[in-house]
Amino acid sequence: MFFASDNASGASPKIFNAIIAANDGYALPYGADDWSKAAEVRVSELFERDCAVFLVPTGTAANALALAAFTPAYGAIFCHDDAHIMDDECGAPEFFSAGAKLVGIPGSLGKITEAGLAATLAAYPRGLVKQVQPAALSLSQATESGTLYSVAEIAAFSEMAHRHDVAVHMDGARFANAIASLDVSPAQLTWKAGVDVLSLGGTKNGAIMCEAVVFFDRDRAADFLYLRKRGGHTVSKGRFIAAQMLAWLDDGHWLELARHANEQAQRLASGLRIISGVRLPWQPQINEVFAVLPSAADKALKAAGARYYDWGGRGLEGDGRLKPGEVFVRMVTSFATRPEDVERFLDVAGKAVNG
Ligand SMILES: *Cc1c(COP(=O)(O)O)cnc(C)c1O
């Protein structure tokens, strides 16, 4: 019953075996190997466009370096108040851009709004010498609340950002889960909706360490090789990252893994909804379930060894706020989540409140 996060699970055997297969023999380092070249072609095919693709081992590196490519040291990067780049990356976006400022935009359910973006862009006009200059908008898809932007929402934000000469970045640490849930193509969810650069995450969806920075316009990636190397993220035995990407994308494996994770979240949510005293403040759209639990259920689950994070009161609004005797928690399922573990979790929670 390990629902702390999706990066708490191991790797998909198919991906693990691909690493073992790549271990045979010699290959040129720093991305000059056949696996890296093939992975770049494969990612371009996936997005139905000639992309510039750069593999990196962590999502933080992907985000920070991608944003640095579009943001001068005196630039502003706009994102949701709770974005991973804002709260969970130890200043890496600021560091790699040599000092840019992150500007938060509020919004329910982990999502920015058009009004919020418009107000923020108005507060940071280009040419006002005493302020940082608008450079990039970062959208998390899926968001840190496990919610999704529709293609139309992304297109509207991109249009507004581009009108202000602001580039659009997508933090796709859970991009696979988003695609599996929305049933749209990777192209529709990104460049066709105006996204300029994507952090494509494989690690949380079955890889060991495999992320890609995907530029949809090659010209804008001209200097990225140097940014990545200077940032210490040009992996010398690059074939091992590339082998993961190839296995992840082979034959729809990435979507198979994401669908399983999403389905287990739905199973968990359906079961929780019918336990008295349990509330789901918003419906899960990917592999993350946020729930208000009666303390009795929380205690029984923890005593039974279940693992998940206490989410404080983050994101709860109005009548949905925590009452005495309740806790708010986040549960994340993964490609490896077993249905029987979800059922056991529901059983323990149900018995705790029904006696
Ligand atoms: C996990 C995650 C990342 C990447 O984190 P790393 O630990 O650096 O790989 C980026 N963005 C979001 C939204 C995430 O959940």
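Asparagine 262 is located in helix H12, which spans residues 253–273. In this predicted model, asparagine 262 has a relative accessibility of 9% and therefore counts as buried, the cut-off for that class being under 20%. The side chain of asparagine 262 makes a polar contact with the backbone of another residue: the distance to the backbone oxygen of asparagine 177 is 3.0 Å.

Two further buried positions were examined together with a C-alpha distance for each. Valine 56 belongs to strand S1. Its relative accessibility is 0%, so valine 56 is classed as buried. Valine 56 and valine 235 are 179 residues apart along the chain, and 7.2 Å separates their C-alpha atoms. Alanine 161 is part of helix H7. With a relative accessible area of 0%, alanine 161 is also buried, because the class takes in values under 20%. For alanine 161 and arginine 228, which are 67 residues apart along the chain, the separation of the C-alpha atoms is 25 Å.

The residues around the ligand are Thr58, Gly59, Thr60, Asn63, His84, Glu89, Glu144, Asp171, Ala173, Arg174 and Lys204. Sorted by class, this shell consists of five charged residues, five polar residues and one nonpolar residue. Helix H3, made up of residues 59–68, contributes the most to the shell, supplying three residues.

At glycine 59, a backbone N or O atom is found 2.9 Å from an oxygen atom of the ligand. In the side chain of histidine 84, an N or O atom is 3.5 Å from a nitrogen atom of the ligand. In the side chain of lysine 204, an N or O atom is 2.6 Å from an oxygen atom of the ligand. The ligand taken alone exposes 380 Å², and 80% of that area is buried by the protein.

Backbone geometry was also considered, beginning with a cis peptide bond. The bond that runs from glutamine 141 to alanine 142 is cis, and its omega is near 0°. Alanine 142 is situated in the loop that joins strand S4 (133–140) to helix H7 (151–163). Helix H7 is also the element in which alanine 161 is placed.

Positive phi values were noted at residues other than glycine. Glutamate 48, which is not a glycine, has a phi of about 55°. Glutamate 48 is in the loop between helix H2 (34–46) and strand S1 (52–56); strand S1 is also the element that contains valine 56. Aspartate 183, likewise a residue other than glycine, has a positive phi near 60°. The loop that holds aspartate 183 lies between helix H8 (175–182) and helix H9 (186–189). Aspartate 183 has a relative accessibility of 70% and therefore counts as exposed, a class that requires a value over 50%.

Technical notes: Residues are numbered from 1 along each chain as its sequence is written. Side-chain values use heavy atoms; hydrogens and water are left out. A residue is near a molecule or strand if one of its heavy atoms lies within 4 Å of it. A polar contact is a pair of N or O atoms within 3.5 Å; within protein, one must be able to donate a hydrogen and the other to accept it, and residues adjacent in sequence count only if both atoms are side-chain atoms. Accessible areas come from the Shrake-Rupley method with a 1.4 Å probe; for residues, only the protein chains shown count as cover. Helices (H or I, at least four residues) and strands (E, at least two) are DSSP runs, numbered from the N terminus. Ala, Val, Leu, Ile, Met, Phe, Trp, Tyr, Cys and Pro count as nonpolar, Asp, Glu, Lys and Arg as charged, and the others, Gly among them, as polar. Buried means under 20% relative accessible area, exposed over 50%, partly exposed in between (1.4 Å probe, protein chains only).
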